[in-house]
Structure formats: C-alpha cells, structure tokens
Amino acid sequence: MEILYFDTLTFAQGTMYIVATTDGLAYIGTPNASFDEVKEWAKKPFKGYSFEENKEKLQPYKEQLTAYFNKELTDFDVPIHVKGTPFQLAVWDALKELPYGSTTSYGSIAERIGNPKAVRAVGSAIGANPILAIIPCHRVIGKNGQLTGFRSGLDVKQFLLELEKAEYFH
C-alpha cells in the first residue's frame, strides 16, 4: 500500500498540515484546519493510500516553506507530486512560471495555456491547487486588481502577497 506522509508546519497564519508521497510534496493544507481536510482532499487523487506521520520525510519541505515564510527563499526546488486533470496540470504549470512578487489575472493564465476563453475553468483549476505557495495560486488576482477567492481564505492570500511585496490594489 502506498503511503501519504504528513506533518504540521507552523507559521504566522497558524499551523497547517503538509503531505508528501515518496515522489514529492502532494498537499499543503489550510492554516488551522483539521486533519479531516487532508483526508477529504486525498479521497480522489490518492485513493487507497494510507497516512503516516513522518517528520523526517517532511523535513526538506518544512525547511523550504519556513525559509519562504522568513523571506529567505523565493524559488522552491523540492519535488512535487500532484495529481489532476490535464487541464489542471497545465494551469498549475503556468502558475509555477509566475515570478516571485508578481501578480497576474485569470485571463492571462487562460491565454498562457492557449485557451483564452477558459477563464472560469482556470479559476476552478486554481481553486483545486493542492500545494499553496509552491504552486503560487495566490499570485492570481482579479483583472480589476482586487483579491479574489483563495482556498485558505483572502487573509492568507493577502499575507502571501504582502510577504512577497507583490503590488495589487485594495
């Protein structure tokens, strides 16, 4: 049976679960959410996997995330293991190309993946992003410059943008 290894990470916005497989980081949870969120997320992409708490296996991910939250790291180089539809994977790959401290719009991501009319679908794919910060969905804002939906809440999105000193309109 395949295993999802997990641990917790504490930062300014609270404590969150982080989950990895032997192939890479698979999930970063919502700050202060219960482990039930992790179990619910894993049902589809990692059905049949078992959970094992393992601080040692999660240490490299915790180190990079901590460095990011401490403004000591701008580019992650840890392996990731995400599962999604081909469309979701294309959107998430486009997100990974967004430079630290920048923002873009949903429409721009749709254009970047060669599907300019798929703005709403891009929004759905971004909402399904399992790895906050490392796949930087927080860098996508409304075309009017306003903060828009975020799985972990707009307060966390604003925190991440301010952490990176990205410019956006209030």
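Colleague: Are α3 and α5 roughly parallel or roughly perpendicular to each other?
Modeller: This is a predicted model, where local features need pLDDT of at least 70 and side-chain atom pairs pLDDT 80 or more, while totals for chains, interfaces and linings use all residues. Residues are numbered from 1 along each chain as its sequence is written, and side-chain values use heavy atoms, without hydrogens and water. Helix α3 (residues 86-96) and helix α5 (residues 119-127) pack at about 80°, an angle from 0 to 180 degrees between N-to-C directions of axes fitted to C-alpha atoms over the stretch in contact. Angles of 65 to 115 count as such (under 35 is roughly parallel, over 145 roughly antiparallel, the rest oblique), so α3 and α5 are roughly perpendicular.

Colleague: How far apart are the axes of α3 and α5?
Modeller: Both are helices (DSSP runs of H or I, at least four residues; strands are runs of E, at least two; numbering is from the N terminus). The axes of α3 and α5 lie apart by 9 Å.

Colleague: Which residues of α5 meet α3?
Modeller: Contact means heavy atoms within 4.5 Å. From α3 come Phe87, Gln88, Val91, Trp92 and Leu95. The residues of this contact are eight nonpolar, one polar and no charged (nonpolar: Ala, Val, Leu, Ile, Met, Phe, Trp, Tyr, Cys, Pro; charged: Asp, Glu, Lys, Arg; polar: the others, Gly among them). The α5 side is Ala121, Val122, Ala125 and Ile126.

Colleague: Which residue stands opposite Tyr5 in β2?
Modeller: β1 and strand β2 (residues 14-21) run antiparallel, joined by seven bridges; pairing needs at least two bridges found by DSSP. They form a hairpin with two residues between them. Opposite Tyr5 stands Ala20.

Colleague: Which residue in β4 is the bridge partner of Phe6?
Modeller: Strand β1 (residues 3-11) pairs with strand β4 (residues 50-53) in the parallel sense, over four bridges. Within β4, the partner of Phe6 is Glu53.

Colleague: Which elements give two or more residues to the lining of the largest pocket?
Modeller: The largest pocket holds about 300 Å³ of space. Its lining has 18 residues, with Trp41, Pro45, Lys83, Gln88 and Ala128 nearest its centre. By class, the lining is nine nonpolar, six polar and three charged. The elements are β3 (24-28) and α3.

Colleague: How many charged residues are in the lining of the second largest pocket?
Modeller: This pocket has a volume of about 180 Å³. Its lining has 14 residues, with Asp75, Phe76, Lys96, Ile134 and Pro136 nearest the centre. Nine are nonpolar and one is polar; the charged ones number four.

Colleague: What counts as a pocket?
Modeller: On a 1 Å grid over the protein atoms alone, a 1.4 Å probe is used, and lining residues have an atom within 4 Å of a point. Points are joined across faces, edges and corners, and a volume is the space filled by probe spheres set on them. A pocket is an open set of points with protein on both sides within 12 Å along at least five of seven lines.
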